[in-house]
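User: I have a structure open and have not looked at it before. Can you walk me through it?

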Amino acid sequence: MKASNSSLYSLLLLLSVSSFKLIFSATVFCPEIEQQSLVSFRQSLQDPNNLLSSWNGTLNCCNWKGVICDNSTGHVHELHLQNTRGIYQGLKGKINSSLLNLKHLRHLDLSRNTFSGETIPSFIGSLTNLEYLNLSGSGFRGKIPPTIGDLSNLHTLDLERGLEADSLEWLTGLSRLEYLNMDFVNLSAAYNWAHVITSLPSLVELHFQSCSLEYTAPLDYANSTTLKHLGIADYNFRYKSSISIPRWIFQLNNLLYLDLKDWFYLCKDLEFLDLCSNLLSGTISNSVANLTSLNTLYATSNHLSGKIPKEIANLCQMQWLGLGYNFFQGEISDTFGNMSACFLESLQRLRLQNNALSGHLPNQFGDFKSLRYLNLGVNSLSGAIPISLGKLSSLEQLWLHANRFTGTLPESFGLLSSLQLLFMKDNMLEGVVTEAHFANLTKLDNFFASGNHLTLNIPAWFETQKNIWDLDLSNTGISGSIPSWIWNVRILTLSHNHLSGKISYLQGPKNQYIYLDSNQFSGSLPRVADTSLDASSFTGNNLCGSPLEINCPGDGDDPRRHKDKDNEDEGENESKIEWFYVLLSLGYAVGFSVVCTTLVLKKSWREGYFRLLDSVWDEFYVYVCIRWTRLTKASETSSQ
């Protein structure tokens with residue numbers, strides 16, 4: 001019995017000792033010297049909002065607010081003392097050198113405090129274990145102490161706002177630095193900044209916004225292979241002379257983000273600027289007025305927003321202006337209501353489609369002297385179409401579709417003798433369209449007027465047109481019978497109207513597309529060999545016969561429903577590989593390489609090539625719009 005009690009007492013004693021050791025080991029105490037150093041640090045500060053109220057010298061400093069200790073040794077590793085209560089609500093006073101006793105400190109954040117007028121103490125460079133240092137927006141003034149360059153373990157350095165530096169050579173000692181923010185630091189005297197930042201082996205992200213940088217420092221080659229984020233925008237650029245973009249920026253092969261902001265606006269000799277399809281966001285600055293030599297600006301297919309600055313309509317050399325497929329908004333007259341005479345004289349192409357522009361189209365749009373292409377489609381423009389547009393004698397393409405234009409179609413359109421394409425579908429136009437609207441449009445080959453409330457018959461004028469190949473008068477309320485000459489149009493869309501009578505002729509050009517659905521035609525369809533005609537093109541009428549599945553009275557089996565086996569067999573034997581095509585491919589490859597080399601070496605050819613691509617894109621865009629319209633109509637018809 002005694003032996004049993006003795007064993008029980010021993011077990012209880014062992015459990016008590018183990019529990020005491022476990023509790024003791026779970027509580028980590030910071031070393032006394034580090035705790036006293038933090039007390040001294042606090043005593044040199046003013047803390048009007050009691051941010052450091054938990055810093056009681058009699059308690060374990062590892063439990064103080066903003067202090068993080070090592071879990072095993074208790075050494076202070078991190079001080080998170082940033083101000084989160086708003087401006088002028090943070091710590092004030094001086095930084096005490098007692099911080100030097102924190103030999104294991106890795107993280108120091110004093111950002112957004114109010115050390116007004118104080119300089120950064122030079123002894124901070126002795127905290128050699130620091131990996132993170134953030135003094136941004138804390139009111140420090142004066143020069144950055146070069147001793148910060150002794151912090152060789154630093155990977156994050158944030159010194160934003162209020163400071164200055166005559167040189168950045170001290171940065172070369174920060175071989176592990178990955179993030180550097182010196183926004184709003186005066187670096188006007190640091191002429192070697194480009195050499196320094198491109199030599200930092202680990203730098204990934206750099207912020208040098210509004211640093212009064214000097215861009216004359218020569219640097220032909222960038223050593224940096226790690227830099228991915230570069231922001232060197234400078235609002236002081238506008239006070240400097242014309243500059244060029246340093247070539248070393250384009251040697252940063254891993255760059256993912258580049259912020260130059262107003263830099264472009266200082267390039268007074270810049271003539272050609274293509275920013276298409278880059279996911280750019282933000283607004284266009286009024287400083288675009290500085291680009292006095294610019295003749296081509298392409299910024300289509302981005303995320304640009306806000307108002308288009310009116311200064312852009314005063315650039316005398318501008319010929320091609322493309323701002324389509326963005327999020328620009330505001331009254332169109334705010335930008336283009338008071339255009340300069342030289343802008344009106346020089347501009348040849350204006351693309352503003354697919355934005356959110358609103359308001360009435362200014363009468364001044366009729367004063368362009370050389371305008372050949374005008375695309376205002378898919379906006380929120382309203383009001384009447386200005387009669388003055390009839391004065392655009394050089395205009396070849398006019399896109400006004402998907403807006404809110406009202407009123408009648410101006411008869412002055414009949415004066416547009418160079419017009420090849422007129423795209424005005426999906427507006428709220430009304431009134432009667434007469435021969436006068438088409439009096440001199442001898443070059444017109446694409447006409448789209450569907451989705452309006454116009455009253456018109458098929459103009460006899462179209463009979464004299466030899467070039468027109470796409471005619472869309474769907475949903476325009478036209479009535480009567482179809483004249484025989486209209487079958488010469490390759491793509492003919494007359495859907496959703498009040499046309500009537502019999503269709504006695506369908507044999508037009510090869511691969512013709514005809515859409516006559518939802519009218520009042522009757523009788524049997526004529527027999528044709530062209531298999532491109534689809535049944536959906538004739539539904540919604542009182543028609544019968546192929547390609548419809550409705551047989552006319554007395555019709556038997558329609559031989560056109562059977563496949564032409566002879567044609568299939570002939571098609572199977574057409575493809576053969578011949579040496580002629582092999583040699584042709586080799587010749588093409590050699591010729592292509594010669595052309596590419598020439599484009600790289602000859603600037604004038606290169607600019608001409610890009611303009612050619614833009615013209616090809618316009619043609620492709622027209623084709624896609626046409627095909628999309630056809631597919632949409634076919635889909636709507638089949639769903640009915």
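Predicted model: local features only at pLDDT ≥ 70, side-chain atom pairs only at ≥ 80, totals over all residues.

User: What does Asp166 pair with?
Analyst: Asp166 forms a salt bridge with Lys143. The closest N and O atoms of the two are 2.6 Å apart.

User: Where do the two sit in the chain?
Analyst: Asp166 is in the loop between β9 (163-164) and β10 (179-181), and Lys143 is in strand β7 (residues 142-143). They are 23 residues apart, so the pair links distant parts of the chain.

User: And how exposed is Lys143?
Analyst: Lys143 is partly exposed, at a relative accessible area of 47%.

User: How many salt bridges does the structure hold?
Analyst: Six. Another one joins Asp334 and Lys307, with the closest N and O atoms 3.4 Å apart. Asp334 belongs to helix α4, while Lys307 is in the loop between β17 (303-306) and β18 (320-322). That pair is 27 residues apart and also links distant parts of the chain.

User: Which side of that pair is exposed?
Analyst: Lys307 counts as exposed because its relative accessibility is 53%, over the 50% limit. Asp334, at 38%, is partly exposed.

User: Which residues form a network of salt bridges?
Analyst: Arg112, Glu160 and Arg161 are linked that way. Glu160 is buried at 12% relative accessible area, whereas Arg161 is partly exposed at 40%.

User: Changing topic. How many residues are in the largest nonpolar core?
Analyst: There are 77. Leu321, Leu323, Phe336 and Phe365 have the most contacts inside that core. The elements giving two or more residues to it are α4 (332-336) and α5 (341-346).

User: What does Phe365 touch?
Analyst: Leaving out residues up to four places away in sequence, Phe365 touches Ile332, Phe336, Met339, Leu350, Leu374, Leu376, Leu389 and Leu392.

User: What about a second core?
Analyst: A separate core has 67 residues, including Leu108, Leu135, Ala190 and Trp248.

Definitions and conventions: Residues numbered from 1 in each chain as written. Heavy atoms only, no water. Core = buried A, V, L, I, M, F, W, Y, C linked by side-chain atoms within 4.5 Å. Buried < 20%, exposed > 50% of the residue type's maximum accessible area, 1.4 Å probe, protein only. Helix = DSSP H or I, 4+ residues; strand = E, 2+ residues; numbered from the N terminus. Contact = heavy atoms within 4.5 Å. Salt bridge = Lys/Arg side-chain N within 4 Å of Asp/Glu carboxyl O.
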